[in-house]
Amino acid sequence: MFGEWSKPSGAWVTKGEVVAVAETTKSVFDIEAPAAGYLTLLAAPGAEVAIGEVIGVLSPTVVSLDAVHAWLVATATPATETTAEPARSWTKKAELLAERHKVDISQVPAAGDRVTEADVEAYVVARTSSQKTARGAIQADVNDTVDDRYPANRAQRLLIIGGGNGAIQIIDALQGVRHQRAVAVIDDNRAIHGKRIAGVPVLGAIDLSWAVDQHAAGLFDAAVISISTSIPFRERIFDEWKSRGIPFANVIHPSAVVGMNVTWGEGNVVMALCHFGACATVGDNNFLSAYCSIEHHCVLGNHCSFGPSVVTSSRVRFGDRVRCGTGIYIEPGVTIGADSIIASGLAIWQNIPERSLLKAHLGYSIRGLATGTVTVERCLRKRRHT
Amino acid sequence: MTRATPHLTYVESLRRALAEIMADDPRAVVLGEDILDPYGGAFKVTQGLSTRFPERVFATPIAEASIVGVSVGLALRGFHPIAEIMFGDFIALGADQLINHAAKYPAMYNGAVQVPLVVRTPMGGGRGYGPTHSQSLERLFFGIPHLKLIAASHLHDAGALLKLAAADPEPVLFVENKLLYPLALHLSADGAVRSFATTLDRFGYPVTTATNYPAAQIPDVTVIAYGGMSRLVLPLFDEFAGEEIRVLACFPSCISPLDPAPLAEAAAASGRVIVVEESQTAFGWGAEVAAQLYAALGAQLHAPVQRLGAAPTVIPAAKSLEDQVLVSTAVIRDAVFELLRST
């Protein structure tokens, strides 16, 4: 608040002389003349004045009040507006969306007066579809009433490498989980390009540089390898893609049981009803078929591929690239060396050196049954006669 | 809660509530510095009170520790004291009485005593009051067990909130905001506010959610803030509506302890959260909100929770410098843009 003048209007004042008193809520202070001159009073005693408001004028000669007002008007600086943005023919939201999608907004046609959010989204969809005809691209999540509310990045979007039976198993497993979903499959088999696997589009051949672009564009979050039959293939793809910054996902069937403190690498595929005991450690890029049981404190290396029902007791250690058939039992504490192959139906009670091939010698014979109705009695009778 | 007349100002709402509390509750007493008429308190919240209730309104010496200490004693002996600390900066002098006495007694004496005490105080800067009259020192009291921090924004019925605090059996630090005092309360969907809702948190205090878009739409961003920050957030409503940016603002009134459920619901609606507090962000309220939201929502959040607040320094008296230190509408606007640009 302006207090009062200590000098009359028209008085000559020297620099630093007290000319007025003002007060704020907490204090009263003197206003000193910033220069010498003849004083013209503008603010009324007791008036509320704003910061920056002119309360009086010092002039080198005595001037009339009208002249002072004219001078004030002439020299008034226009109120500084908030730094004016250049005129734009789009909404701010449209601009931000365009930046997010790396789209030049000046290229986006407007349906109405200004380019809107909907215009940018339509433009992005059109651009994505044209890319798809060129090479096959993962569909962006736009214009979807569900995905607008629950965008894809709330569920990890997976690119499945390999479009065979492994892919079907992975897609089947993903149908039971809510935190991941498959957005595309890639496979070198041209016959399935453009088709779908359980609703997931097969976009083309396995192409790392394409995938790097798609990942950079935010169209998928992680990859997973569905091929279990070739361990060298799994290892090569995993290492090459990882080196280019593509993350790998663990796909774990919802019926699997995972104990406490299990440590996971990435890129593992775990099918139905598998079990991981407490404190087990799983490396990277392993493929475990149904009913495998990796007991507590076991350690699994990388790039292993197991058939159904590989069952271990505790503290078993697997090296890298171990291949197991179906129905294998392994005793506690056994170490299976890297690059070993274990045939189906074995029970293993000793440490296995690296690069071992374990073959089964449990033979069995097959005989054809006689035609006609087969009964238990007839089989037993037949056995007695032989 | 009763809805206030739309045009009641924040200070008028509090003033009326104080008078009604005094009229309804013969054990209510009000004490503080310079609160007697004709001055009626530095911010005029108590204006008229000493004229109407001369025997229960007390002017005190400039001694905040004793104001709070005497109030604790009054509360222990069956009164319902409402103390005013003229500037929240000086609540530090009453901290020992609040933390080590008021908040602890009921538990220390196994429920044999209660301390139904309200300490009202204005916090916040923006008026060029300088380093020792501009702070938001409620930050010192976050997380003190059995001490409630209630902050009224102008999207709350401030007077009704004060009545809730006065009826609370636990001690309450009631945080007002200097720049809100002259503002009209905004308590319904009108103007740029397209939807307005109030729910109660698990402590029985109101949480206001307001949007700048019709209720059926999905927000782009959720702004969670309290108290005086409503002054900065509300101007964005109108501006953003014209730019297709849908903002949901959520203002809890019980800011410590904190019920995360209503905040998580507001945050999940957009998945992008900005927490605004007037004080510095480090070790602040926004950090607690963010931690609670991560625990409740995890991957439902599209982006890390953004915290906005004052620069980590003293608050200058010069207005131009103060503006650079304190959070502003412009800072919030830029944070919203950045969040929408990247996610």
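**Strands, helices and contacts**

Author: In this predicted model, B:Val276 stands opposite B:Leu308 in β13(B). Four bridges join strand β12(B) to β13(B), residues 306-310, and the two run parallel.

Reader: What makes β12(B) and β13(B) a pair?

Author: Two strands pair if at least two bridges are found between them. Four bridges join β12(B) to β13(B), and therefore they count as a pair. The chain crosses from β12(B) to β13(B) through helix α9(B), residues 285-297, in a right-handed β-α-β crossover.

Reader: Which other strand of chain B pairs with β12(B)?

Author: Strand β9(B), residues 221-225, pairs with β12(B) in the parallel sense, over four bridges.

Reader: Why is β12(B) called largely enclosed?

Author: A residue is buried if 20 or more other C-beta atoms lie within 10 Å of its own. Seven of the eight residues of β12(B), residues 273-280, are buried, so the strand is largely enclosed by the rest of the structure.

Reader: In the sheet of chain A, what makes β9(A) and β11(A) edge strands?

Author: The sheet is open and has five strands in the order β9-β10-β8-β7-β11, with mixed pairing. Strands β9(A), residues 196-197, and β11(A), residues 222-225, each pair on one side only, and are the edge strands. On its paired side, β11(A) runs parallel to β7(A), residues 156-161, over four bridges. There A:Ile160 has A:Val224 as its bridge partner.

Reader: How do α1(B) and α6(B) cross, left-handed or right-handed?

Author: The crossing of α1(B) and α6(B) is right-handed. The axes of α1(B), residues 10-24, and α6(B), residues 158-167, come within 7 Å and cross at roughly 35 degrees. Residues that meet there include B:Leu14 and B:Ile21 in α1(B), and B:Leu162 and B:Ala166 in α6(B). The residues of this contact divide into nine nonpolar, two polar and two charged.

Reader: How many residues of chain A are in contact with chain B, and which element gives the largest share?

Author: 16 residues of chain A are in contact with 14 residues of chain B. Helix α2(A) gives the largest share of the chain A side, six residues. The residues on that side divide into four nonpolar, three polar and nine charged.

How values were computed
Residues are numbered from 1 along each chain as its sequence is written. Chains are lettered from A and ligands numbered from 1 in the order in which they are written. This is a predicted model: local features need pLDDT of at least 70, side-chain atom pairs count only at pLDDT 80 or more; totals for chains, interfaces and linings use all residues. Axes are lines fitted to C-alpha atoms, for helices over the stretch in contact, and angles run from 0 to 180 degrees between N-to-C directions. A crossing is left-handed if the near helix is turned anticlockwise from the far one by less than a right angle, and right-handed if clockwise. Two residues are in contact if their C-beta atoms, placed from the backbone, lie within 7 Å. Ala, Val, Leu, Ile, Met, Phe, Trp, Tyr, Cys and Pro count as nonpolar, Asp, Glu, Lys and Arg as charged, and the others, Gly among them, as polar. A residue is buried if 20 or more other C-beta atoms lie within 10 Å of its own, exposed if 12 or fewer, and partly exposed in between; C-beta atoms are placed from the backbone. A crossover is right-handed if, with the strands pointing away from the viewer, the path from the first strand over the helix to the second runs clockwise.
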